[in-house]
Protein chains: 2
Amino acid sequence: MKHEGILIVVSGFSGAGKGTLMKRLVSKYENYALSISMTTRGKRAGETDGVSYFFVDRPTFEETLARDGLIEHAVYCGNYYGTPREWVENQLEQGKDVVLEIEIQGALKIRERYPNSLLLFVMPPSIQELQARLGKRGTETPDVIRARLQRAAQEAEGIEAYDFIVVNDDLDACMEQIHEIVRAAHLRPGCNKEFINQLKGELQALVKGEK
Amino acid sequence: MKHEGILIVVSGFSGAGKGTLMKRLVSKYENYALSISMTTRGKRAGETDGVSYFFVDRPTFEETLARDGLIEHAVYCGNYYGTPREWVENQLEQGKDVVLEIEIQGALKIRERYPNSLLLFVMPPSIQELQARLGKRGTETPDVIRARLQRAAQEAEGIEAYDFIVVNDDLDACMEQIHEIVRAAHLRPGCNKEFINQLKGELQALVKGEK
């Protein structure tokens, strides 16, 4: 069966380890491509245009949005963030499974536009572990940690909208689990329309011919 | 995450190799249990009651049906066939993934009653291969083969209702693919309600406690 790629949306609580998981997945398996967001926020030290983000000014972002050039977008701390449509669709056509890290509102928009997309939610093994991980970074104040936990409580309400939930206890085990889910997802009927239609056509022709 | 078992419905064209696949899956992995149907048809040579089928008389079957003792049933060549509910639900509660081989009408009934069930459709690699397999058995007349192809053409119209389609080209590869799908299916939110609710509760408690 020949496959078009699948658009994989990954969400999860801050501190669940999404970013590391995705990087490891993309570097281990060739079938993945990591989507790069477009943003209007300023480039920070160590960031590279076209790798970390596509850095653009506000008029460019708005013009891209106006010509349906983004499959989803959001505003965060006064800056725009969005997913360039052309790059994603080009990768999908080439058979790449495109990985996208966004939150639930964006995930639901993508599900609407790309019914064959795959929505994954990454969980910490426990809330205690989530707290510990948020604390361990050492860069966040208690207020920031508290805000993230509040945000997590809100995000948890949307979990049922996801197709699969994975628990990030062991990083490599969790990555392999995601890879297994993606492989299974390629076997959904919606990802094999061509094969199904060909088979239906052959069966019909055979039955008609033999009548 | 603690799991209840999943009810796995396997359908597919006659000649696709469902029976052999299921037997191999159940004998290789401990998490599966193969459902045994109840039937009113006579026992054939080599068949054992409670292994091949539960052989019962018509009043017993009708009484079982009347007390909601079957999760689906059908009539075929004047005989009743049905799936005993108690045995299946008991296995599911014990965490077993119960495999059930039935056709599309039964599959759709099961989806309605057990929303977390998994509907798999087994395909031959091609129609040429399907014809060859039907012919190879050597026991069927051309008329029977033709009737099965006609039936296959009808069944093909319902393929989109299934969750996953697998191509039975290599028996072991196909079996492993099914096993992978089942493992992934356990990660759907519907199969992890307890875990999700616990996590939501802990998060809420934490957020409220820190306010």
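Copies are superposed by least squares on the C-alpha atoms of residues with pLDDT of at least 70 in both. The legends below describe a predicted model.

**View 1. Superposition of chain B on chain A.** A rotation of 180 degrees, with 0.0 Å of shift along its axis, brings chain B onto chain A at an RMSD of 0.0 Å. The two copies are thus related as by a two-fold rotation axis. Both copies use the same surface, since 100% of the contact residues of chain B recur in chain A.

**View 2. The side of chain B that touches chain A.** Contacts join 34 residues of chain B to 34 residues of chain A. Four elements of chain B each give two or more residues to this side: helix H6 (142-156), strand E9 (164-167), helix H7 and helix H8 (193-210). H8(B) supplies the largest share, nine residues. By residue class, this side of chain B holds 22 nonpolar, three polar and nine charged residues.

**View 3. Helix H7 of chain A against helix H7 of chain B.** Two packed helices are described by the angle between their axes and the distance between the axes. For H7 (residues 171-185) of chain A and H7 (residues 171-185) of chain B, the axes come within 9 Å and cross at roughly 115 degrees. Angles of 65 to 115 degrees count as roughly perpendicular, so H7(A) is roughly perpendicular to H7(B). The crossing of H7(A) and H7(B) is left-handed. On H7(A) the contact is made by A:Glu180, A:Ile181, A:Arg183 and A:Ala184, and on H7(B) by B:Glu180, B:Ile181, B:Arg183 and B:Ala184. The residues of this contact comprise four nonpolar, no polar and four charged.

**View 4. Helix H1 against helix H7 within chain B.** The axes of H1 (residues 18-28) of chain B and H7(B) come within 10 Å, with a crossing at roughly 65 degrees. The crossing of H1(B) and H7(B) is right-handed. From H1(B), the residues B:Thr20, B:Leu21, B:Arg24 and B:Leu25 meet B:Leu171, B:Cys174, B:Met175, B:Ile178 and B:His179 of H7(B). Six residues of the contact between H1(B) and H7(B) are nonpolar, two are polar and one is charged.

**View 5. The five-stranded sheet of chain A.** This open sheet has parallel pairing and the strand order E2-E7-E1-E8-E9. Strand E2 (32-34) and strand E9 (164-167) of chain A stand at the edges with a single partner strand each, so one side of each has no neighbour in the sheet. On average, neighbouring strands of the sheet are turned by 30 degrees against each other, direction ignored. E2(A) pairs in the parallel sense with strand E7 (residues 97-101) of chain A over three bridges. In this part of the sheet, A:Tyr32 stands opposite A:Asp97 of E7(A). Helix H4 (residues 104-113) of chain A packs on the sheet and touches strand E1 (7-12) and strand E8 (118-123) of chain A. The direction of H4(A) makes about 160 degrees with that of E1(A).

**View 6. The four-stranded sheet of chain B.** The strands of this open sheet run in the order E4-E3-E6-E5, and the pairing is mixed. Strand E4 (54-55) and strand E5 (70-76) of chain B are the edge strands, each pairing on one side only. Strand E3 (residues 38-39) of chain B is joined to E4(B) by two bridges in the parallel sense. B:Met38 has B:Phe54 as its bridge partner in E4(B).

How values were computed. Residues are numbered from 1 along each chain as its sequence is written. Chains are lettered from A and ligands numbered from 1 in the order in which they are written. This is a predicted model: local features need pLDDT of at least 70, side-chain atom pairs count only at pLDDT 80 or more; totals for chains, interfaces and linings use all residues. Two residues are in contact if their C-beta atoms, placed from the backbone, lie within 7 Å. Axes are lines fitted to C-alpha atoms, for helices over the stretch in contact, and angles run from 0 to 180 degrees between N-to-C directions. Angles under 35 degrees count as roughly parallel, over 145 as roughly antiparallel, 65 to 115 as roughly perpendicular and the rest as oblique. A crossing is left-handed if the near helix is turned anticlockwise from the far one by less than a right angle, and right-handed if clockwise. Ala, Val, Leu, Ile, Met, Phe, Trp, Tyr, Cys and Pro count as nonpolar, Asp, Glu, Lys and Arg as charged, and the others, Gly among them, as polar. Two strands pair if DSSP finds at least two bridges between them.
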